Amino acid sequence: MSVDRQAVIWTRLGTSPLRMGQLYLTERECRFTYDLDYLATGLPGIGAIYTPAVYANDTIVRTRTDSFDFLPPIQALIPPHSEHNFQRRLVIEYLARNGVTPASGLEADWEILKVSGHGGIGHLDVFETDEKALDWYAAPVRPELFDVTQGTDFSLKNYLTWFDQDAEVLMQVIGPTPSVGGAIPKLLVSIPESGWDGRIGLPARFGAQGLVDVVLKFEQPTVYPGLVELEALALDVHREAGFNVPRHWVVEFNGVPALAVERFDRDGNRNPLFTESLYSVLASGDTRITHNHSYSYDEVGRAIDRSPIEFVTNRDAAKRHLLARLLMALLTGNGDLHLENLTIVGMAGELGFSPVYDPTPMRAYSIHNMLSVMPFGHYGETDEATGAVVNLAAGVRNLAKHLGVSPATLEEMTGKALQVTEHYSERLGALVSLPEANRKNLVTIVERVRGQLS
Ligand SMILES: Nc1ncnc2c1ncn2[C@@H]1O[C@H](COP(=O)(O)OP(=O)(O)OP(=O)(O)O)[C@@H](O)[C@H]1O
Ligand SMILES: [Mg+2]
């Protein structure tokens, strides 16, 4: 026995909220149909591949799989399935308080989508009905900012060590929080436009004045001690390397270290920009993709070159960006630059890579000291002809060649990345919260990489 489920997708990409179309989930498929009125606006669609240009007169149909019950851009709005996932727990708790206790995994996902499928990262807002959409858009957002540094009874600390008792308090302050995927506990909040001063509010809406939206990422001191400072340093180094990097603040939230990062999926008026992870883009185009590391960087390059539907406007710039990000990831000890840590945004009518986010040098933590989620240039594989294992430098060269980057350009890019990270190891030494063992480990890793790339 099963019943088709229906929801509607809205967006604030235009000057006012608009319905994009209708979503159906059947026993076998997920389907989406654009509204004619929406098509007439000429605005972007639910995804770069699922674009109105291609699907104007065609329902988008996708057979459900273990990895994607929903179309990838919609799946991205649902937190990962781990029962330890902070965002999932937050919404499940909220649902339970409202008497909703889903029977199955899919039932839970559907309920979560209805509650937190709107107002989150990106430009898509999913609602159960149009009525709920209109109510939500019409509801005034509490404009207050709450002070979270002055000994409030807001005990997030307990929450972070996975004691649930304080979820209630968190709910009262934050409300049903829009979700963001990923492993690290995060909240979407707004802070004063001038920067962090200890006060937070709900995410801004409708051109809210004087506020800026941030992703607030909390440290889990027992699992990843020192992570916040490390991520902040990595963001700084990427900015120095010439990447577009959002403003960010290392903060403390009731004793818990946290990083507030300005959101890049909003414009200056707090309106959403078209936003889609590379994972969602690629999985929309290739149903063989099941994980955020299913494609090697080489395959990403090939998709950029050959995709019949353009998902980056400047293909050469995008390929160079990918290579530059890889070089910086290697030299900073980030082994986590998978397809969900790369995003496509639409700005001024062009699609391109978003500013840098989540460049955290996760290799500082031994369980993450690997490069397996970022395959490139056959690195680590055995060369059939010679029987030799492809080393790091050869892997980078193979990738560059595949991306159409000349040896001279690669040399220049590598030189620049080496130069900007020249004092990185010393700077790691200045971090106060990263345990000595992790620091030493990371220094050893990045020094070895420097040797291999020099
Ligand atoms: N500054 C930002 N602006 C807009 N969206 C962001 C920003 N930072 C993160 N996001 C979104 O939130 C998601 C999760 O954030 P992030 O990647 O920083 O942490 P994480 O995924 O928990 O870390 P990990 O990749 O180690 O699991 C990202 O994939 C991205 O979609
Ligand atoms: Mg991430």
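1. Let's start with helix α16, residues 436-453: it has 18 residues and reaches 26 Å from its first C-alpha to its last, close to the 26 Å expected at 1.5 Å a residue. (Helices are DSSP runs of H or I, at least four residues, and strands are runs of E, at least two, numbered from the N terminus; the expected span is 1.5 Å times one less than the number of residues.)

2. Before going on: this is a predicted model, where local features need pLDDT of at least 70, side-chain atom pairs count only at pLDDT 80 or more, and totals for chains, interfaces and linings use all residues. Residues are numbered from 1 along each chain as its sequence is written, while chains are lettered from A and ligands numbered from 1 in the order in which they are written.

3. Which residues of α16 are buried? They include Asn-438, Leu-442, Val-446 and Val-449 (buried means 20 or more other C-beta atoms within 10 Å of a residue's own, exposed 12 or fewer, partly exposed in between, with C-beta atoms placed from the backbone). Seen down the axis of α16, the buried residues fall within an arc of 55°, so they line one face of the helix. (The arc is that of the directions from the helix axis to the C-beta atoms.) On the other side, Glu-436, Ala-437, Glu-447, Arg-448 and Gly-451 are exposed.

4. Now for Thr-343, in strand β13 (residues 343-347). Thr-343 is buried, with 23 other C-beta atoms within 10 Å.
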